[in-house]
Amino acid sequence: MFDADFFKAEIPNYLSGKRLSHTFAVTEECERLADIFGVEGIDRERLLCAALLHDITKEKKGREQIDLLRKLNAEYDSDDLNSPKILHAITGAAFIRRQWPDRTDDEMALLIRSHTTGRPGMGLCEKLLYLADYIEPTRDWESCVTLRRFFKKEPAAVKNDPQKLLKHLDRTLVLSFDLTIAELIESGSVISMKAVAARNQLLISLDA
Ligand SMILES: [Fe+2]
Ligand SMILES: [Fe+2]
């Protein structure tokens, strides 16, 4: 049902340059993560399509992004309007359902919607796309390098223990939220409450 080759050919009509290379790098990172976490079949295909489409509306800026949000009738919280960088996840999720209703589904849209802020109760593939977006090899910000190192030092050691592997994934996500929140505080930016709620829920579940 989900055809990654179709979207691989489509996406250069929407993105170019660094954003296009980033998109392909996220897709390759998702393939590696799917191998590590044993994601197969339709879930894997959906994940790879979501990776190809995750930044599809990112070239729209400021006012254009808000106009698209309204044009697509996308659901959003008033809180979302205070963090312009996360809006492309909301418009992207709505756009793919409008543009390719038979080649996408609501679960794929949810993966895209969660890729910037996360949300409490994320599923495995949501976590994998969120992480791939953060650690793909072309990302060279300090926080990305820190997170990539933290994540990569562990899977080989715990690869035969799925429970430990999933806990390591959650710990990696908690660190990603800590790094992002610290950066937002440093730059005096608004922090999405979804990211705070996602971090808290993961911390509590790791402690349980
Ligand atoms: Fe994005
Ligand atoms: Fe991205």
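A crossing of two helices is termed left-handed if the near helix is turned anticlockwise from the far one by less than a right angle, and right-handed if clockwise. The structure is a predicted model, in which local features need pLDDT of at least 70, side-chain atom pairs count only at pLDDT 80 or more, and totals for chains, interfaces and linings use all residues. Residues are numbered from 1 along each chain as its sequence is written, and chains are lettered from A and ligands numbered from 1 in the order in which they are written.

The protein chain contains eleven helices and zero strands, these being DSSP runs (H or I, at least four residues, for helices; E, at least two, for strands) numbered from the N terminus. Of its 208 residues, 37% are buried, that is, 20 or more other C-beta atoms, placed from the backbone, lie within 10 Å of their own.

Helix H3 (residues 41-53) comprises 13 residues and spans 19 Å from its first C-alpha to its last, close to the 18 Å expected at 1.5 Å a residue, where the expectation is 1.5 Å times one less than the number of residues. Its buried residues include Arg-44, Leu-47, Leu-48, Ala-51 and Leu-52.

H2 and H3 pack at an angle of about 160 degrees with their axes 8 Å apart, the axes being lines fitted to C-alpha atoms over the stretch in contact and the angles running from 0 to 180 degrees between N-to-C directions. H2 is therefore roughly antiparallel to H3, a description applied to angles over 145 degrees, and H2 passes H3 in a right-handed crossing.

Definitions and conventions: A residue is buried if 20 or more other C-beta atoms lie within 10 Å of its own, exposed if 12 or fewer, and partly exposed in between; C-beta atoms are placed from the backbone. Angles under 35 degrees count as roughly parallel, over 145 as roughly antiparallel, 65 to 115 as roughly perpendicular and the rest as oblique.
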